[in-house]
Amino acid sequence: MIVDGKVIAERIKLGLKKEIEKLPRQLKLTHFVGTDDSAIQSFVRIKRRVADELGVLVEGVDVTLLDTEEMVEKIRKEENQTDGIILQFPLPEDVDASVAKNAIPLSLDVDAISEKAIDEFKEGRLKILPPVAGAIKEIINAYKIEVVRKKVLIVGAGLLVGIPSEILFEQLGADVEIVTKGVTDLSTYSRRADIIVLGAGQPGLLSPDMINEGVIVFDAGTSEEGGKLIGDADPACASKCRFFTPVPGGIGPITIAMIFKNLLTLRRR
């Protein structure tokens, strides 16, 4: 079955819109962007469009020419003026991404990327879910997918997909294995998995001959090819999958909806 992420995202946004309309003031999201990459700019435009739908103000901050110290200063200036901060990766070469992400206060970290946020998530104390992990959980709930004691393979150990997905599935009682995209023979791992989460950003990484019938594939890997967004899985994999999230239209729309759900949860009173 092909998972229709747009339907789930619309349901989430409908609920958010009703709650946001009740607020005494407009929510604000600050978006730091340091690249003119076309794929990244596409993500930025989509977030802005959803913000407009929900009545959320988005302030874009161009950080292309900043260094680490200047970036941290910009983040600190926003602390009392916004309800949430997003760092759009990749950041400029002169910015230490680790320092920048850890400068985001927990109360504004809608992407849950700081070390403190990740630690809180591991301990089960975080008020929000990292957006991709939240999107996967929404799909699990919507389709009543059984996770306990299932063998889950996560491909990619990135901050936005791999790490939070590993934590989520461990919390849900799955048997989790994580590998990087450079593994010698991915099929050795993928053929013994009940559930596969892809977050490597490598088109065609997973092909139908590498998976068993009835596997569940959450494709959260995104790349641009020929002006189009594509995932890590060959779309032909869907024919063997019990559930398959396409790119675009699968995890992506739900992930963006989760960002705004987190913004609402973390808002300044």
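Modeller: Two strands pair if DSSP finds at least two bridges between them. Helices (H or I, at least four residues) and strands (E, at least two) are DSSP runs, numbered from the N terminus. The model is predicted, so local features need pLDDT of at least 70 and side-chain atom pairs pLDDT 80 or more, while totals for chains, interfaces and linings use all residues. Residues are numbered from 1 along each chain as its sequence is written, and side-chain values use heavy atoms, without hydrogens and water.

Colleague: How many bridges join strand β4 to β5?

Modeller: Strand β4 covers residues 151–155 and runs parallel to β5. One partner pair is V152 with V176 in β5. The number of bridges joining β4 to β5 is 5.

Colleague: What is the order of the strands in the open sheet?

Modeller: The sheet has 5 strands with parallel pairing. Its edge strands, β5 (175–179) and β10 (241–244), each pair on one side only. The order is β5-β4-β6-β7-β10.

Colleague: Is E120 buried or exposed?

Modeller: E120 lies in helix α5, residues 115–122. Buried means under 20% relative accessible area, exposed over 50%, and partly exposed in between (1.4 Å probe, protein chains only). Because its relative accessible area is 16%, E120 is buried.

Colleague: Which residues does E120 contact, leaving aside neighbours within four places in sequence?

Modeller: Contact means heavy atoms within 4.5 Å. With those neighbours left aside, the residues in contact with E120 are L106, R125 and L126.
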